Amino acid sequence: QAEVTPKERKRIEARLQALHELSERQRPPLEATKPSVAAMSTEARSFYDRGVKLFRVKQYAAAQAAFSAALQMSNAPELHFNLAVVAERMNRAQEAVDHYRAYLAARGDAKDRDRIEERIGMLQTMGQ
């Protein structure tokens with residue numbers, strides 16, 4: 001029931017904003033490496049590129065639709081990774097876990113396997 005002064009409110013809002021920005025920085029970026037030309041048709045690559053552009057401007061639902069369309073035309077593992085990242089941004093933990101697992105299954109030699117498995121564990125904990 002305590003009153004919050006305008007000065008305290010401003011300080012609290014600044015702290016919340018800083019925490020939100022930290023959370024965004026800690027989330028994984030999209031797959032840095034583009035899928036190989038052999039893995040994607042021209043049309044699938046077009047949807048992939050569109051998804052990346054939409055993700056960068058925080059249009060996550062549209063990015064998800066573009067990556068999903070590309071996935072229907074291609075089996076490039078990077079699409080699952082990017083769909084997992086987008087699902088995280090949309091607070092869809094189980095969907096993100098499913099796509100991370102599909103990425104790891106398709107990319108047996110993933111150099112970032114440990115980091116992704118750790119991410120999966122964290123997402124599963126959050127979803128409980």
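The accessible surface of this chain comes to about 8400 Å², and 52% of that belongs to carbon and sulfur atoms. Areas like this come from the Shrake-Rupley method with a 1.4 Å probe, and for residues only the protein chains shown count as cover. What you have on screen is a predicted model, where local features need pLDDT of at least 70, side-chain atom pairs count only at pLDDT 80 or more, and totals for chains, interfaces and linings use all residues. Residues are numbered from 1 along each chain as its sequence is written, and side-chain values use heavy atoms, with hydrogens and water left out.

How far can you trust it? pLDDT is the predictor's confidence in each residue, from 0 to 100. The chain averages 86 on that scale, and 84% of the residues score at least 70. Among the elements, H1 has the lowest mean pLDDT, at 79, while helix H3 (residues 60-73) has the highest, at 95. Where pLDDT is low, the predicted coordinates should not be read in detail.

Now the overall build. Helices (H or I, at least four residues) and strands (E, at least two) are DSSP runs, numbered from the N terminus. Of the 128 residues, 36% count as buried. Buried means under 20% relative accessible area, exposed means over 50%, and partly exposed is in between (1.4 Å probe, protein chains only). As for contacts (heavy atoms within 4.5 Å), residues 24 or more positions apart account for 50% of those with a separation of 6 or more.

Val-4, Ile-12, Leu-16 and Leu-19 form a nonpolar surface patch with about 340 Å² of accessible area together. Patches are made of residues with over 30% relative accessible area and no salt bridge; like charges are joined within 9 Å, and nonpolar side chains (Val, Leu, Ile, Met, Phe, Trp, Tyr) within 5 Å. Val-4 sits in the segment before helix H1 (6-26) and is partly exposed, with a relative accessible area of 42%.

Next, the rings. The structure holds 4 aromatic pairs. Rings of Phe, Tyr and Trp (its six-membered ring) pair if their centres lie within 6.5 Å; planes under 30 degrees apart count as stacked, over 60 as edge-to-face, and the rest as tilted. One of the pairs is Tyr-48 with Phe-67, a tilted one at 5.9 Å centre to centre and 55° between the planes. Tyr-48 lies in helix H2 (residues 42-56) and Phe-67 in helix H3, so this pair ties together parts that are 19 residues apart in sequence. Both partners count as buried: Tyr-48 has 2% relative accessibility, and Phe-67 has 0%. Elsewhere, ring pairs link Phe-81, Tyr-100 and Tyr-103 into a cluster.

Then come the charges. There are 6 salt bridges, a salt bridge being a side-chain nitrogen of Lys or Arg within 4 Å of a carboxyl oxygen of Asp or Glu. Take Glu-78 and Arg-107, whose closest N and O atoms are 2.8 Å apart. Glu-78 lies in helix H4 (residues 77-89) and Arg-107 in the loop between helix H5 (93-106) and helix H6 (113-127), so the bridge ties together parts 29 residues apart in sequence. Glu-78 is buried, with a relative accessible area of 5%, whereas Arg-107 is partly exposed at 23%. Arg-107 also forms a salt bridge with Asp-109, with the closest N and O atoms 3.9 Å apart, and Asp-109 counts as exposed at 60% relative accessibility. Another bridge joins the side chains of Asp-112 and Arg-115, at 3.4 Å from N to O. Here Asp-112 counts as buried at 16% relative accessibility, and Arg-115 as partly exposed at 42%.

Lys-58 has a positive phi of about 65° although it is not a glycine. Lys-58 is found in the loop between H2 and H3 and is exposed, with a relative accessible area of 58%. Asn-91, also not a glycine, has a positive phi near 60°. Asn-91 belongs to the loop between H4 and H5 and counts as exposed at 66% relative accessibility.
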